[in-house]
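This briefing goes through one chain by topic. Please keep the sequence and the model open while reading.

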Amino acid sequence: MLVLIMVLLFTLVLLLAFYVINFVLSIKDMGKNKISAFECGFVSVGKIQNSFSIHFFIMMLMFVIFDLEIVMFLGILVSDLSSYVSFLLLIFFILGGFYMEWWYGKLVWVI
């Protein structure tokens, strides 16, 4: 028990030491460009709502959903044969979502 407490204290001291060293050695530049908002290359003057297309947001949302489904595939790959039904249901829902995106015209890349 004493060893566990010592390891925990050593870890916390090392973490605090690295944090303080990083803070002391970091470059603190508070220029106008450093503290201004970054708008992906667009000049942030005027209405910001007009410079962003909702189509890119929809593409990002579809990417996140399909990316999470790929992560779910990885869990199925290492499991046993009894998860075959859940694998087929997952494939069914992925293909159903893909069909819905195609049906509603969300896969068209023309802006």
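Rings of Phe, Tyr and Trp (its six-membered ring) count as an aromatic pair if their centres lie within 6.5 Å; planes under 30 degrees apart are stacked, over 60 edge-to-face, and the rest tilted. By this rule, a search of the whole structure finds three aromatic pairs.

The model is predicted: local features need pLDDT of at least 70, side-chain atom pairs count only at pLDDT 80 or more, and totals for chains, interfaces and linings use all residues. Residues are numbered from 1 along each chain as its sequence is written, and side-chain values use heavy atoms, with hydrogens and water left out.

**Aromatic residues**
- Tyrosine 99 and tryptophan 102 form a tilted aromatic pair, 5.6 Å centre to centre with 40° between the planes.
- These two residues, tyrosine 99 and tryptophan 102, are about one helical turn apart because they are three residues apart in helix 4.
- Tyr99 and Trp102 belong to one aromatic cluster together with Trp103.
- Tyrosine 99 is partly exposed at 45% relative accessible area, and tryptophan 102 is exposed at 54% (buried is under 20%, exposed over 50%, partly exposed in between, with a 1.4 Å probe and protein chains only).

**Overall fold**
- The chain has four helices and zero strands (DSSP runs numbered from the N terminus: helices are H or I of at least four residues, strands E of at least two).
- Of the 111 residues in the chain, 9% are buried.
- Among contacts with a separation of 6 or more, 55% are between residues 24 or more positions apart (contact means heavy atoms within 4.5 Å).

**Annotated segments**
- The unreviewed UniProt entry places "transmembrane region" at residues 6-25, 56-78 and 84-104; such annotations may be inferred rather than shown by experiment.
- Residues 6-25 are 100% helix, with end C-alpha atoms 28 Å apart.
- Residues 84-104 are 95% helix, with end C-alpha atoms 30 Å apart.

**Surface**
- The chain exposes about 10500 Å², with carbon and sulfur atoms supplying 78% of it (Shrake-Rupley method, 1.4 Å probe).
- Leucine 14 is found in helix 1 (residues 2-25) and is partly exposed, with a relative accessible area of 35%.

**Glutamate 101**
- Where does glutamate 101 lie? It lies in helix 4 (residues 84-103).
- Glutamate 101 is buried, with a relative accessible area of 13%.
- Leaving aside neighbours within four places in sequence, glutamate 101 is in contact with Met62, Phe66, Lys106 and Leu107.
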